[in-house]
Amino acid sequence: MSKLVQVVEDVTVRFAGDSGDGMQLTGTQFTDTTALAGNDLSTLPDFPAEIRAPAGSLSGVSGFQLHFSSSDIQTPGDAPDVLVAMNPAALKVNLKDLKPNATIIVNTNTFELKNLKLAKYDSNPLEDGSLSKYNVIPIPLTLLTMNTLEKVNLSVKDKEKCKNFFALGLMYWMYNRPIQVTEKWLETKFRNKPEVLEANQMVLKAGYYYGETTEIFTTRYEVKPAKLPAGRYKNISGNEAIALGFITASLKSGAQLFLGSYPITPASEILQELSKYKDYGVITFQAEDEIAGICAAIGASFSGKLAITSTSGPGLSLKMEAAGLAVITELPLVIVDVQRGGPSTGLPTKTEQADLFQAIYGRHGEAPLVVMAAQSPADCFCMSIEAARIAIKYMTPVILLSDGYLAFGSEPMKVPAFEDLPDIHVEYRTDPEGFYPYLRNENLVRPWAIPGTPGLEHRIGGLEKKDIYGNISYEPENHEIMVRNRKQKIQNVQNDIPELEIDGDGDDELLVLSWGSTYGAIKEGIRKARMQGANVSHAHLKFLNPFPKNLEDVLNRFKKVMIPELNTGQLAFIIKGMFMKDIVQFNKVQGQPFKVQEVANKILEVLGGSNGK
Amino acid sequence: MENNIIETSQIKYTAKDFSSGIDVKWCPGCGDYSILAQVQRTSPDFGKKKEDIVWISGIGCSSRFPYYMNTYGIHGIHGRAAAVATGVKLANPDLQVWVATGDGDSLSIGGNHFIHACRRNIDIKILLFNNRIYGLTKGQYSPTSEKGKITKSSPYGTVDFPFNAIKVATGSGATFVARSLDRDPKHLQEMIMRASRHKGLAFIEIYQNCPIFNDGAFSVLTEKETRADNVLYLEHGKPMVFGANQDKGIKLDGLNPVVIDLNDGKHSIDDCWVHDENDPNPTRVFLMARFTDIENFPTPVGVFRRYDKPTYDSDYHEQIKNVISKKGTGTYEKLMFGKGSWEVK
């Protein structure tokens with residue numbers, strides 16, 4: 001029986017199940033296949049902090065959302081068109097997010113009394129009519145998986161574990177995707193477990209053929225490849241992009257890369273990823289704690305390495321004293337903060353932009369450093385290179401902000417040619433003639449003199465330094481000179497970063513000023529609002545300390561400025577304080593990114609009936 | 001396995017070459033002066049060029065040390081010297097990295113870094129100046145202060161038990177563990193020299209007098225009249241004998257050390273415990289370390305333990321070398337255009 005193929009422009013799919021159901025894996029496989037099929041895409045994994053919450057419970061639901069398209073997209077999609085729900089809890093948790101008329105594929109085998117009770121359902125939603133406005137496709141996934149593997153010599157438990165591949169196979173069929181990418185992946189993954197490999201491949205195929213042969217499905221969909229600019233592409237998550245970005249910075253600068261780090265969600269993948277690249281000479285030091293991570297990086301920086309440390313909020317708090325040491329010793333260092341919901345342990349696996357204050361102001365004393373923020377998973381790559389460049393050029397710590405949304409989300413990145421990336425010039429001082437540790441150049445930057453260099457033996461440290469000479473100094477005037485020098489040096493970075501660009505007409509009434517990972521949702525939200533007639537401009541900050549030179553000019557061109565942030569108004573507070581400007585705040589603190597529609601609605605609301613005309 | 005000594009015959013350093021020339025600002029009579037002097041006296045014989053030596057410290061009186069040494073140095077933050085030093089050494093294993101630290105710095109706020117540096121056996125040398133008091137903050141009790149000690153923050157006496165630094169270092173895996181005294185310059189020099197030659201984490205606890213806040217803490221070990229009866233000089237392969245007339249010894253009765261009188265007609269030197277610093281089993285080191293906790297036992301000084309174990313820094317760089325020899329040196333093309341990338345035309 002031949003089935004109808006319907007061409008659609010974009011689709012948002014969400015896989016949801018128990019933490020142990022392999023939903024992240026299923027989502028990642030679908031993503032890799034989709035990337036190779038040439039679609040533009042954006043992903044959003046959403047999982048609990050517990051590794052294995054009680055099976056079947058609402059708190060244990062893990063989800064992976066993927067938005068793919070034949071045109072350019074910026075976000076993982078507001079509302080899924082398709083939900084694959086492996087159990088009642090997954091259905092319950094995700095139902096509210098779906099589009100009207102969304103397709104729901106459910107594993108009917110899990111809809112029995114115990115699981116319904118765990119999901120706090122009083123009656124079976126598959127039978128009580130509560131899902132009538134959705135296109136529900138009930139499939140006995142577990143049973144079909146077990147039947148497929150009837151003759152395979154594996155335990156019942158191991159067989160059941162394969163059921164996510166049945167769902168994946170079925171989705172491959174529905175969206176006209178080849179199964180070979182996943183088959184290949186399985187071959188590598190289970191090279192040493194031939195029975196498991198065979199079982200998973202059988203189930204994957206069975207899922208695919210189920211779509212083809214069963215009468216349930218009348219239509220399959222096709223999302224044509226996106227018209228991306230020519231070039232070589234790679235699907236990349238934010239954390240992976242940071243790792244590759246710093247390796248590239250190491251290649252560019254010739255300085256060996258040293259990471260001092262301690263595992264923490266959602267930043268651990270940076271450590272894990274970098275530990276693979278010993279063939280690039282990368283030194284990854286998994287320290288005994290967050291403090292040791294940054295302190296070892298400071299030691300490595302003193303020794304002439306491109307030194308970085310990676311962490312998330314709680315770790316950033318712990319690193320702050322050492323960050324101050326890097327400020328006063330004026331050593332290059334990049335601190336990567338992959339933000340998560342706070343305070344304290346907060347929401348470890350959820351996203352938030354609430355570390356901005358801490359990044360800019362978190363140290364005791366006058367301790368300025370450079371703060372910058374990546375705007376998309378792929379942008380993490382370029383921003384890491386930029387952070388390294390600035391840290392080395394200005395002999396300063398730099399905090400690079402990412403967040404959980406960027407860290408785990410992924411998108412295709414057009415890989416830049418090596419020569420197109422900025423040069424990172426490293427100059428170690430070797431000449432003892434006229435050497436003073438704190439003698440500054442025209443940018444107020446002191447020399448990088450590393451151990452092993454004859455004649456340049458010197459001591460640096462946390463006590464205030466005598467201007468130029470670097471000895472300990474408690475002189476009142478000297479302290480003021482040094483404080484101002486350190487401040488001015490950071491300010492000088494302004495001359496080295498691009499001016500803020502405005503996307504929109506100069507005469508728009510409203511400027512939306514954004515920073516960090518909200519870029520995609522805000523860009524699409526603005527596009528949407530414009531389609532409804534809104535006169536709105538957009539500017540996105542990548543540098544938060546110092547700000548781009550023209551920021552004040554840009555702000556003054558607009559009657560209204562709105563700042564959307566995933567915090568209660570940290571950038572807004574800074575902008576208000578620095579530029580005495582009224583700001584319309586738009587804040588969300590739910591551990592979730594902005595939705596495109598939310599942004600568009602807010603813009604229209606702020607503009608009132610006039611749409612800014 | 002001892003560190004290779006490079007040829008420095010062309011460079012004849014003197015102690016003065018290792019002085020940074022700035023005014024030393026410890027209190028008059030502070031034991032730190034002696035430690036600095038012994039380090040500067042021995043430094044020319046480390047077999048290292050001046051520019052290849054790095055001194056790292058934390059916070060506290062002892063931690064001003066790097067400023068006085070004419071080498072590279074970082075005066076870091078409280079407790080973190082071992083972590084900073086680990087970064088320096090791992091980044092450049094050719095450097096000889098020393099840590100100057102105190103009982104508060106390394107056994108209290110920085111305890112974690114100290115034990116993990118020992119655990120990894122990273123090739124750094126740690127001199128712990130133990131004065132059993134917080135000096136720089138003016139006289140609070142420290143983690144090595146004896147129980148019941150009356151200090152500014154314990155007017156009724158402390159109720160906590162002190163750390164035994166030798167036990168902590170040994171238990172954490174340090175491969176060279178020694179103790180010396182600020183007022184025994186010769187012995188201290190010998191310990192420093194031996195630490196400098198050891199490949200792996202070398203730890204020396206130096207009993208150091210704080211004349212202002214804990215004066216005389218170790219006088220029984222340093223004063224002429226009492227020293228001989230209270231100090232046991234550990235020497236590899238030698239029986240444990242002490243006393244003004246070398247008339248007392250330590251006998252090991254099973255796992256119980258006992259002090260014996262060599263003149264009582266029942267015991268002879270042959271009964272004495274013979275010190276073996278290379279014993280791979282740390283049990284006896286703990287027994288020796290306990291002497292300071294038992295009444296009438298002498299305080300051992302010298303090398304408690306020295307053994308060979310791969311160091312963190314050399315194993316780490318060996319791993320990098322191996323991966324590069326297998327995979328070749330990484331390139332940007334390999335990094336970005338490999339598996340999982342695709343071409344859009």
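Modeller: A helix here is a DSSP run of H or I with at least four residues, a strand is a DSSP run of E with at least two, and both are numbered from the N terminus. Residues are numbered from 1 along each chain as its sequence is written, while chains are lettered from A and ligands numbered from 1 in the order in which they are written. The model is predicted, so that local features need pLDDT of at least 70 and side-chain atom pairs count only at pLDDT 80 or more, whereas totals for chains, interfaces and linings use all residues.

Colleague: Which strands does helix H17 of chain A lie across?

Modeller: Helix H17(A), residues 519-531, lies across strand E18 (510-515), E19 and E21 of chain A, and runs at about 170° to E19(A). Such angles run from 0 to 180 degrees between N-to-C directions, with axes fitted as lines to C-alpha atoms, for helices over the stretch in contact; contact requires C-beta atoms, placed from the backbone, within 7 Å. Helix H19(A), residues 570-579, also packs on the sheet, where it touches E18, E21 and E22 of chain A and makes about 145° with the direction of E21(A).

Colleague: In what order do the 4 strands of this open sheet stand?

Modeller: Strands of a sheet pair through backbone hydrogen bonds, either parallel or antiparallel. Here the order is E19-E18-E21-E22 in chain A, with parallel pairing. E19 (536-541) and E22 (584-587) of chain A stand at the edges with a single partner strand each, so one side of each has no neighbour in the sheet. From one strand to the next the twist averages 25°. E21(A), residues 560-565, is joined to E22(A) by 4 bridges, where a pair needs at least two DSSP bridges, and A:Glu565 stands opposite A:Asn587 in E22(A).

Colleague: How many residues does each chain bring to the contact between chain A and chain B?

Modeller: Chain A brings 55 residues and chain B brings 50. On the chain A side, the elements that supply at least two residues include helix H1 (23-36), strand E9 (231-237) and helix H11 (290-302), and H11(A) gives the largest share, 9 residues. By class, this side has 30 nonpolar, 14 polar and 11 charged residues (Ala, Val, Leu, Ile, Met, Phe, Trp, Tyr, Cys and Pro count as nonpolar, Asp, Glu, Lys and Arg as charged, and the others, Gly among them, as polar). E9(A) is also joined by 4 bridges to strand E12(B), residues 341-344, and the two run antiparallel; A:Tyr233 stands opposite B:Trp342 in E12(B).

Colleague: At what angle do helices H5 and H6 of chain B pack?

Modeller: Two packed helices are described by the angle between their axes and the distance between the axes. For H5(B), residues 111-120, and H6(B), residues 165-172, the values are about 45° and 7 Å. The two are therefore oblique to each other (under 35 degrees is roughly parallel, over 145 roughly antiparallel, 65 to 115 roughly perpendicular, and the rest oblique). B:Ile115, B:Cys118 and B:Arg119 in H5(B) meet B:Val168, B:Ala169 and B:Ser172 in H6(B).

Colleague: How many helices and strands does chain B have as a whole?

Modeller: Chain B has 12 helices and 12 strands, and its C-alpha trace spans about 95 × 50 × 45 Å along its principal axes.

How values were computed: Contact = placed C-beta atoms within 7 Å.
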